Amino acid sequence: MTQPISAAPPRPALFLDRDGVLNEDPGYVYRWEDFRWIPGAREAIAAFNAAGWWVFVVTNQSGVGRGYYGEADVLALHAQMSRDLETVGGRVDAYYYCPHHPEAAEARYRHPDPPDRKPNPGMLLRAMAEHPVDVARSLMVGDKDGDVEAGQRAGVRALKFEGGDLFEFLQDELR
């Protein structure tokens with residue numbers, strides 16, 4: 001008999017922004033054919049998996065709210081990312097995305113201050129509520145100040161990734 005996730009012992013979590021951290025960010029990436037992994041991103045994920053960490057993607061996706069693409073496109077891209085990660089022995093334990101924006105074209109995505117939209121910590125807090133996370137040992141990595149702020153507001157140490165090889169950037173975190 002397996003234990004439910006909530007009964008498992010807490011483990012540290014690596015929270016990763018998507019665009020600009022996991023993939024190159026030319027703006028509003030939503031199709032696999034436009035997706036390009038950041039060097040070392042897949043290897044970093046696989047290394048944190050091997051070390052027993054949760055790996056969560058937390059990504060603002062205002063392109064949905066702005067009407068550039070739909071939620072189905074986001075889900076399809078995340079599914080393809082997962083399939084591609086399997087080829088290097090990696091996995092994302094859960095994807096969290098925020099389609100809301102204060103100026104969204106569609107009313108259902110419009111909110112003056114979406115709780116899940118970084119710099120708000122909603123996506124991280126939801127992941128922590130849904131999985132047994134050791135908050136004190138967890139880490140948020142983003143390429144924008146708002147990503148870092150979201151991590152800090154969730155009580156998680158946060159680092160700003162300014163480019164290069166993500167595995168090299170994070171390898172000291174595994175020691």
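A charge sits over a ring if NZ of Lys or CZ of Arg is within 6 Å of the ring centre and within 35 degrees of the ring normal. The legends below describe close-up views of a predicted model.

View 1. Arg11 lies over the face of Trp54, at 3.6 Å from the ring centre. Trp54 itself belongs to an aromatic cluster, which it forms together with Phe15, Phe56 and Tyr96.

**View 2. The stacked pair Tyr30 and Tyr69.** The model holds nine aromatic pairs. In one of them, the ring centres of Tyr30 and Tyr69 are 4.6 Å apart and the planes meet at 15°, so the pair is stacked. Tyr30 comes from the loop between β1 (13-16) and α1 (41-50), and Tyr69 from the loop between α2 (62-65) and α3 (71-86), so the pair ties together parts that are 39 residues apart in sequence. Tyr30 has a relative accessibility of 27% and counts as partly exposed, whereas Tyr69, at 8%, counts as buried.

**View 3. The edge-to-face pair Phe161 and Phe169.** The ring centres of Phe161 and Phe169 are 5.2 Å apart, with the planes at 70°, so this pair is edge-to-face. Phe161 is buried, at 1% relative accessibility. Phe169 is partly exposed, with a relative accessible area of 31%.

View 4. Gly142 is part of β4, which covers residues 139-142. Its relative accessibility is 0%, so Gly142 counts as buried. Leaving aside neighbours within four places in sequence, the residues in contact with Gly142 are Asp17, Val21, Asp147, Leu159, Lys160 and Phe161. Leu75 is 67 residues from Gly142 along the chain, and the C-alpha atoms of the two are separated by 20 Å.

**View 5. Helix α1 and its cover.** Seven of the ten residues of α1 are buried, and the helix is mostly covered. The buried residues are Ala41, Ala44, Ile45, Ala46, Ala47, Phe48 and Asn49. Among the elements that cover them are the strands β1 and β2 (54-60) and the helices α3 and α6 (166-170). An α-helix has 3.6 residues a turn, so residues three or four places apart point the same way. After α1 comes Gly52, which has a positive phi near 90°.

Notes: Residues are numbered from 1 along each chain as its sequence is written. This is a predicted model: local features need pLDDT of at least 70, side-chain atom pairs count only at pLDDT 80 or more; totals for chains, interfaces and linings use all residues. Side-chain values use heavy atoms; hydrogens and water are left out. Rings of Phe, Tyr and Trp (its six-membered ring) pair if their centres lie within 6.5 Å; planes under 30 degrees apart count as stacked, over 60 as edge-to-face and the rest as tilted. Helices (H or I, at least four residues) and strands (E, at least two) are DSSP runs, numbered from the N terminus. Buried means under 20% relative accessible area, exposed over 50%, partly exposed in between (1.4 Å probe, protein chains only). Contact means heavy atoms within 4.5 Å.
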